[in-house]
Amino acid sequence: MGSASIGYQIGISARFYGNFNLSSDITVSSLPCKVDVSIKSLFSAPSSTHKECSNRARVCCSLPNTDEYCDEKFETPILDTIETPLQLKNLSVKELKLLADEIRTELHSVLWKKTQKSMNPSFAAIELTLALHYVFRAPVDNILWDAVEQTYAHKVLTRRWSAIPSRQKNGTSGVTSQLESEYDSFGTGHGCNSISAGLGLAVARDIKGKRDRVVAVIDNVTITAGQAYEAMSNAGYLDSNMIVILNDSRHSLHPNMEEGSKASISALSSIMSKIQSSKIFRKFRELAKAMTKRIGKGMYEWAAKVDEYARGMVGPTGSTLFEELGLYYIGPVDGHNIEDLVCVLREVSSLDSMGPVLVHVITEENRDAETGKNIVVKDRRTYSDCFVEALVMEAEKDRDIVVVHAGMEMDPSLLTFQERFPDRFFNVGMAEQHAVTFSAGLSSGGLKPFCIIPSAFLQRAYDQVVHDVDRQRKAVRFVITSAGLVGSDGPVQCGAFDIAFMSSLPNMIAMAPADEDELVNMVATAAYVTDRPVCFRFPRGSIVNRNYLVPTGLPIEIGRGRVLVEGQDVALLGYGAMVQNCLHAHSLLSKLGLNVTVADARFCKPLDIKLVRDLCQNHKFLITVEEGCVGGFGSHVAQFIALDGQLDGNIKWRPIVLPDGYIEEASPREQLALAGLTGHHIAATALSLLGRTREALLLMS
């Protein structure tokens, strides 16, 4: 990584450095593949290739530099020999199965035991990952991943495993990144982008006259996003050669969904998938289409309907949807049967000029019972906990309050509201655009929707926020979670931009709580506002008071801030959670004989202009502090004091914001230090403004 300048340490500038790359040779695969269509095979039970991880004692980790994460040592003899994914082509089917078990054991022993988070999505994709790297020739062939959770086996095979467990500063990214490895064809993180990016790579390949293959892997959670269907529709129209792998882990937003509606694996479906993917069958199908076209349009359309009906009969429910979008559907395929996966993928990879293909792979997330659930140990309550408790209290008083949640994952604290008011809770998954307009419709119908979306995911729905909510003055209450820096989730889920893009809207009320008391009051304030949209943000971390009991919320006067500590010379005006860091800076400066003012803005829009004017008139220096990008709260303050003539007087203003760059994975404490947002950075900035540079440097050291 890199270093920070002295100026950056006191909140003025920042620099980032880094580069990482891998290379490999190409080998040729030799695994035999045969389609068995005997009567016996049609009715015999499919054999499982998945083996539970053994508990026998082992003596060494597969990769170096992981001792601090390994409580036990495990033998991984096959994995130890893999330097590049292309070496998989030298393994037999039996060895691939053993390798899958070694990777599964490694993931469990190194990562799960440290994070206590469910590794089931990663476990479910291991055999699929091995089959993809066995059949295709990465990095010559492009393999794109849509979901972060599916990429851990991929990172193990591309020799980045030793740095994954920490997911901290200078470690391997939790997402795929071209800057990190040539095996990552495109960056992942926010989901639903693999098909669009893959189609772009495929079209670029065709224009440049190349022959590499493009494979986009997407799961059944991210495929619910509209962009995935837009991409598939465009892929069908362009008819470019690419392969889409739908990794169906049977996960649903609705846990009570009947099992009968889900695709299942049988010997018949396995054989049909092999037949559908075979070159002979595809060429026969293309020949039949060409012949019926010559006979006439009526015959061609009739034959197409027969083909669609027949394939729909043998395929799972909904499989014809992909055909309607223009993708040739193959499946379902057992995602834990390496022989079937390799056979189908090899046949598909050999099909030139056949257009886009979708391979439906069924995996089981719960095959490894030992890691079936996250183990969440909370030593402190979070802002989300307090928010939900406050919202439940408001909902008990007001039957019009409803909740709409969108995003990749739902915070466990929301289960409290869902269980208490099941008919007033709507989880729409990765459908943020729909969530916003759906909320606008609920508001038009006389309800009071609280639309809960993490900051990074709200970015997807900005057009709907503008036109369906703000322009029409719909009273939608946006609850922006995971605001600011998010530690090990790095830049992918960092909520850096919401202050700027939400406060720029003409009718929006934008506010942020300094602590849990303010959060409770802002929930009450949002419920009180009925004539325009409102938003408030809060961070992912713990609340200030460990033993906090949620009181009844009291609405805050719109556009009214508050002074927390009276001082002189320097005024620290914080927004949201950064008020606490301003108070910490006040404590540090007090030890140096400086008594500064600390104020809580509360509102970015409408801004408390009386408070800002008073701070400017009674101090020499004004420092605004926010956990957001340039163009947010500080910019609103600057706009006002410039137009109000305050900058023509004696006041000098300095903003402290997130640096103009993406802060990679690190601990929350390290990220705040990198961003120059700690109490020490704020205090050092004040000292430097007062000409006490030496004390500022000593404070930072």
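## Basis and overall picture

Buried means under 20% relative accessible area, exposed means over 50%, and partly exposed lies in between, using a 1.4 Å probe and protein chains only. This is a predicted model, in which local features need pLDDT of at least 70, side-chain atom pairs count only at pLDDT 80 or more, and totals for chains, interfaces and linings use all residues. Residues are numbered from 1 along each chain as its sequence is written, and side-chain values use heavy atoms, without hydrogens and water.

Of the chain's 701 residues, 53% count as buried. Its secondary structure comes to 26 helices and 17 strands. Both are DSSP runs numbered from the N terminus: helices are H or I with at least four residues, strands E with at least two. The accessible surface is about 30500 Å², and carbon and sulfur atoms hold 53% of that. Areas come from the Shrake-Rupley method with a 1.4 Å probe; for residues, only the protein chains shown count as cover. Contact means heavy atoms within 4.5 Å. Among contacts in the chain with a separation of 6 or more, 78% join residues 24 or more positions apart.

## Helix α7

Helix α7 covers residues 194–208, 15 residues in total. From first C-alpha to last it reaches 21 Å, close to the 21 Å expected at 1.5 Å a residue. The expected span is 1.5 Å times one less than the number of residues. Just after α7, G209 takes a positive phi of about 75°.

The buried residues of α7 are S194, I195, A197, G198, L199, A202 and R205. They pack against β1 (142–145), β2 (214–219), α8 (226–238) and β3 (243–248).

## Nonpolar cores

A nonpolar core is a set of buried Ala, Val, Leu, Ile, Met, Phe, Trp, Tyr and Cys residues joined through side-chain atoms within 4.5 Å. The largest has 50 residues. L458, F478, M502, L573, L622, F633 and V637 have the most contacts inside it. Helix α23 (residues 633–643) gives the largest share, 5 residues. Apart from this core lies another, of 44 residues, including I82, A100, L107 and L128.

Leaving aside neighbours within four places in sequence, L622 is in contact with A571, L573, L615, C616, V637, I651, K652, W653 and R654.

## Aromatic pairs

Rings of Phe, Tyr and Trp (its six-membered ring) pair if their centres lie within 6.5 Å; planes under 30 degrees apart count as stacked, over 60 as edge-to-face and the rest as tilted. The count comes to 8 aromatic pairs. Y462 and F501 are edge-to-face, 5.1 Å centre to centre with 65° between the planes. Y462 lies in α18 (residues 462–470) and F501 in α19 (residues 498–503), so the pair ties together parts 39 residues apart in sequence. Y462 is partly exposed at 25% relative accessible area, whereas F501 is buried at 13%.

Y575 and F633 are stacked, 5.1 Å centre to centre with 10° between the planes. Y575 sits in the loop between β13 (570–574) and α21 (578–590) and F633 in helix α23, so this pair ties together parts 58 residues apart in sequence. Y575 is buried at 3%, and F633 is buried at 0%. F387, F536 and F538 form one aromatic cluster.

## R540

R540 is found in the loop between β11 (534–537) and β12 (562–565). At 34% relative accessibility, R540 is partly exposed. R540 and G484 are 56 residues apart in sequence and 8.2 Å apart in space, C-alpha to C-alpha. Beyond neighbours within four places in sequence, R540 is in contact with T382, S482, V486, D489 and Q493.
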